[in-house]
Amino acid sequence: MKLSIILAPYDSGHYHAGFGQGPDAILAGGLVDELALRGHDVIVEDIGEVGDAQRREIATGFAVCRAVATKVDMARDDERFPIVLTGNCLTAAGAVAGDTADSIIWIDQHGDLNTPETSAYGFLDGMALATTLGLCWRPMTSAIAGFQAIDPSRCMLVDARDLDPDERRLLETLPIIRAQWADALDNVGKLKAAGAAQVHLHLDLDVHDPDVLQVNRYARPGGPNPEELRQLVCGLAKSIPIVGVTLSAYDPAFDAKGEVPPVVGQLLGDFLAALGRI
């Protein structure tokens, strides 16, 4: 399969800092070699430095989305499957625009469903899924080429074991499909029934059980181990059309033994094999 690995190494407006160091660390851990050994034709592209000189979080965060949308669109024009490695979950809004997804599977220990009106901390990344669903920041997403908000009925939120009270209240009002990692495959039929035809898979790596794999400082107890998550994404690949992937939230500072990159390599390798496009 022809692949495009797109690097968006930003964390809250900062280039190559915090989570923004994760994409390079995953590459340095042998991702390209792993995928090439499995027969894939891989190119790697970095969006480079974007945003304004002050590195303001909101302006830079959406500049990253615009740059990623362009790179993903170019990958699809070249018939390459896009894999976005990024620091922040917000980048998924750009990836969704680039791969013209009409649905999303959001695997994350957090809901990322805050809005500027409900966020207790003003953390932009905590609004990432809400942004992708068109619930907030609409003037900013309108500047992302090709962006169309995903209808909440075509969103499956998996795990989300760490929710703010306002997120819980919002989820009671939206037709988002809720699932735990262990029963997510059983809920794919609901996504199909809602009209899902082109699905974007967003994977926040802190969904992992931190007692088995620590990926950042925010990880909370629970979640799947690497083998369980790998089985889930492979099952999804076999059961619904996935047109692009984002992986986010890896901070190498919390992975002293370098355990995360090989886990990501095996996960992506097995996932792509399950897509059956080689």
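Arg230 counts as buried, at 10% relative accessibility; here buried means under 20% relative accessible area, exposed over 50%, and partly exposed in between (1.4 Å probe, protein chains only). Salt bridges that share partners join Arg230 with Glu34, Arg38, Glu227 and Asp270 into one network, a salt bridge being a side-chain nitrogen of Lys or Arg within 4 Å of a carboxyl oxygen of Asp or Glu. Helices (H or I, at least four residues) and strands (E, at least two) are DSSP runs, numbered from the N terminus.

A word on the model is in order. This is a predicted model, in which local features need pLDDT of at least 70 and side-chain atom pairs count only at pLDDT 80 or more, while totals for chains, interfaces and linings use all residues. Residues are numbered from 1 along each chain as its sequence is written, and side-chain values use heavy atoms, with hydrogens and water left out.

In total, the structure holds 13 salt bridges. One of them joins Arg217 to Asp251, with the closest N and O atoms 3.9 Å apart. This pair, too, links distant parts of the chain: Arg217 lies in the loop between β9 (199-204) and α9 (226-239), and Asp251 in the loop between β10 (242-248) and α10 (260-275), 34 residues apart. Arg217 is partly exposed, with a relative accessible area of 48%, whereas Asp251 is buried at 4%.

Asp166 is partly exposed, with a relative accessible area of 30%, and Arg169 is partly exposed at 48% relative accessibility.

Turning to the nonpolar interior, a nonpolar core is a set of buried Ala, Val, Leu, Ile, Met, Phe, Trp, Tyr and Cys residues joined through side-chain atoms within 4.5 Å. The largest such core has 48 residues, and those with the most contacts inside it are Phe81, Ile105, Ile107, Met156, Ile242 and Phe271. Helix α10 supplies the largest share of this core, nine residues. A second, separate core of 31 residues includes Cys89, Met127, Cys136 and Cys155.
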